[in-house]
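Work through the exercises below with the structure open. Each one has a task and a stepwise solution.

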Amino acid sequence: MTWAQLLPLIFLAVMGLALLAYVVLDGYDLGVGLLLPLATESQKDTMIASIGPFWDANETWLVLGVGVLLVAFPFAHGLVLQALYLPVAVMLIGLILRGVAFDFRVKAPLQYKAFWNRAFFAGSLLASSAQGWMLGSYITGFEQGLLGLAFSLGIAITLPAAYILLGAGWLIMKTDGELQARAVHWARRVLWPMGVALVAISAATPLVNPAVVQKWFGVPEVFALLPVPLTCAIAFFAVRWVVTHPEVVKAGYGWVVFVSTVLIFVLAFFGLSYSIYPDIVIGRMTVWEAAIGTESLTVIFIGVAITLPVIIVYTVFMYRVFWGKARDLTYN
Amino acid sequence: MDALILSRLQFAANISFHILFPTITIAMCWFLLFFRLRFIKTRDPAWEEAYYFWTKVFALTFALGVVSGIVMSFQFGTNWPGFMEKAGNIAGPLLGYEVLTAFFLEASFLGIMLFGRGRVSERVHLTATFLVALGTTMSAFWILSLNSWLQTPAGYEIVNGQFHATDWLAVVFNPSFPYRFAHKLLASALTASFLIAGLCAWQLIKGSATAGTHKAMRTALVAAAIVIPIQFVAGDMHGLNTLEHQPAKIAAMEGIWHTEKGAPLTLFGIPDEKAGETRYAIKVPKLASLILAHDAAAEIKGINEFPGAHPPVAPVFWAFRVMVGMGSLMLAVAWFAAWQLWRKRRELDDGKVRLPRPLLYVLAGMTFSGWVATLSGWYVTEIGRQPFMVYGLLRTSEIATHIAPPMIALTLTAYLIVYGLLLVTYIGVLKYMAENPFKHAPIPGGNAALGKAGV
């Protein structure tokens, strides 16, 4: 494989990494936003405090993911974003509401706090459902038929549920006492619906996109790929075991919920990437057809090769600074 | 209305809303760094208090900038798909470097800057503040580089209708970039200065001023008084550069229709594009040539020289006058206030600012004067680039989306509603914070429990 052929693949990987990082990182804080209405006043403050230092940087991964699409694959970019025009707008308005509600709820006069709490929830819901819808229509190749729409709708409901599980897992790690117990309860409630939906989507994907069938159910692929669903199942039951055994959480193994959920996300992501590769728009455009010129990609590649490791290092540093149970956020 | 007009309106709305917030944060973070450094050097709690109060304003402004910026990054694809397809080889790397070197830096260290005290050492916290300031400025560097390239493209070749870079240094440091970058940074410094001075003045009027208020206000007024003459020089140099590279824009700014030597400066008038003249014009002979080319007899090209390729005259003409007018007002106010400070310098030993009450009202009224100047300047430069996306080479009409117009109208309406709500809320919250400086903020050096959840 030549450098010119390899470069687009590298950028596909970078884009994938950015989007995966986004879904996991902003996923948990969107999940916390979705859980907000269920908490008491003081718990709301703690929940927000648990994501306060992170959400900004979390959202940046979305900008990087879309940025790579924009920068490295301009020919796919216009096609994808025009096809997703409305859900993109819905997501953006959701992200705007959420991002500002976060600040306004504590800075605006007290009587508006409830309004901004609701805006935070509404923004999280709009953003996560729109992302699910976008993912659904992307998988179906922007199919506008009834089946395609139903599929998109299914993911528009499933993704927020998965975010809720992630958010609950985050809260189990970052809080204790009453709020932690509630988070366990929330995780238990959302676990089965999410699991069923994930299985349904996995089963439906070959239906809406027949090309996927050969990739998964040929021999020897089916055996090589078997560990993927198996590991998913193990992770699922690990979550179930923890959330149904409060003493396990008390013993300090609450993190299993978050880590297992992340594992499910990673595997689902891997499965999806495998299904689509090497297309960037299913059935219409391969990654090489969508990429810009090699010389421009090389220019950005130098930047990525230098900065991405640095970004990862200081992201880890940031998470270490705020390691441990969430405290009230103060400027002091 | 067609997709092109609607897309342009939507982009204009988004970018107008977005630019308001980075314009504040780019410079404000350097103010914060200064407050922090002063505190570390003097250990005067007033400086620390100033840091905390303005950090809260910064965080709020930054959040608005981030969320509206994310919208911008999607708009290229949703509304201007042709732009990245044709100019992606140039614009892509510049945007990519912005995200990689600037955006992550500011977003990550902002968390530590805002909430890291007590968890990291003073030195790390100071470094975080510095890195956020550096990040916002680098962000401006890349965006201004791209914007300047669209105005004065350099270092490229066109192959099969696509732009390709031949010399990246020439692309990044294209002919108008140094002027535009300097002009923007200075504009940001002024916007932040007047915002700080204005809110502090409001605190003095309302009786909610604290020791930190006086510190911040003096810093802001001194900064404004120093920066504004520099801005006039930078603006003048920027003008010379524009005359050289974008004569049609200059002609529209000045309302000059026919090419002439020793062109007069039109102070006011009503440009009439159909008739090809500026009605009711009040003119000063030869002054336009003198200002624009630093030569009273110089020839200035008129709009008629650019049939079908000049910007709409009236908005550029008017926006330019608003920008210069606001700048002049800022100059007068900043210098008068600085003079007042200097006159009463002996009484300043107690660190308090004593300004005449009417001046406080003027300053409070000018809290957002930087926004007016910035937006009008932005309109001069961006509307002045029309009808081109890449000046002289790629027309805006060639890159527009094929989305159905009603859909664009729908999202445009939604954005306008959200932006309107946020703008009103933002200004209201700033006012509220100024009047209640200790509402959520911890007392510096005091008990952390006092500052519960002061996000």
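## Exercise 1: Two helices of chain A

In this predicted model, α2(A) and α6(A) are oblique to each other.

**Task.** Find the angle behind that label, the handedness of the crossing of α2(A) and α6(A), and the residues that make the contact.

**Solution.** 
1. Locate the helices. α2 covers residues 41-51 of chain A, and α6 covers residues 113-139 of chain A.
2. Take the axes. They come within 13 Å and cross at roughly 50 degrees.
3. Apply the cut-offs. Under 35 degrees would be roughly parallel, and 65 to 115 roughly perpendicular.
4. Assign the hand. The crossing of α2(A) and α6(A) is left-handed.
5. List the contact. α2(A) supplies Glu41(A), Lys44(A), Asp45(A), Ile48(A) and Ile51(A). α6(A) supplies Lys113(A), Asn117(A) and Phe120(A).
6. Sort the residues of this contact between α2(A) and α6(A). Three are nonpolar, one is polar and four are charged.

## Exercise 2: A second pair in chain A

**Task.** Describe how α3(A) and α4(A) cross, and classify the residues of their contact.

**Solution.** 
1. Locate the helices. α3 spans residues 55-72 of chain A, and α4 spans residues 74-83 of chain A.
2. Take the axes. They come within 5 Å and cross at roughly 120 degrees.
3. Name the arrangement. At that angle, α3(A) is oblique to α4(A).
4. List the contact. Val66(A), Leu69(A), Leu70(A), Val71(A) and Ala72(A) of α3(A) meet Pro74(A), Ala76(A) and His77(A) of α4(A).
5. Sort the residues of the contact of α3(A) with α4(A). Seven are nonpolar, one is polar and none is charged.

## Exercise 3: Dimensions of chain B

**Task.** Compare the radius of gyration of chain B with that of a compact globule.

**Solution.** 
1. Count the elements. Chain B has 13 helices and eight strands.
2. For 455 residues, a compact globule would have a radius of gyration near 23 Å.
3. Compare. Chain B has 23 Å, which agrees.
4. The C-alpha atoms of chain B fill roughly 65 × 45 × 40 Å along the principal axes.

## Exercise 4: Confidence

**Task.** Which stretch of chain B has pLDDT under 50?

**Solution.** 
1. Start with the whole model. It scores ipTM 0.84 and pTM 0.88.
2. Take the chain. Chain B has a mean pLDDT of 86, and 95% of its residues reach 70 or more.
3. Check the elements of chain B.
4. Find the stretch. In chain B, pLDDT stays under 50 over residues 441-455.
5. Read with care. Where pLDDT is low, predicted coordinates should not be read in detail.

Notes. Residues numbered from 1 in each chain as written. Chains lettered and ligands numbered in written order. Predicted model: local features only at pLDDT ≥ 70, side-chain atom pairs only at ≥ 80, totals over all residues. Heavy atoms only, no water. Axes fitted to C-alpha atoms, helices over the stretch in contact; angles between N-to-C directions. Helix = DSSP H or I, 4+ residues; strand = E, 2+ residues; numbered from the N terminus. Parallel < 35°, antiparallel > 145°, perpendicular 65-115°, else oblique. Left-handed = near helix turned anticlockwise from the far one by under 90°. Contact = heavy atoms within 4.5 Å. Nonpolar A, V, L, I, M, F, W, Y, C, P; charged D, E, K, R; others polar. pLDDT = per-residue confidence, 0-100. Rg over C-alpha atoms; globule rule 2.2 N^0.38 Å.
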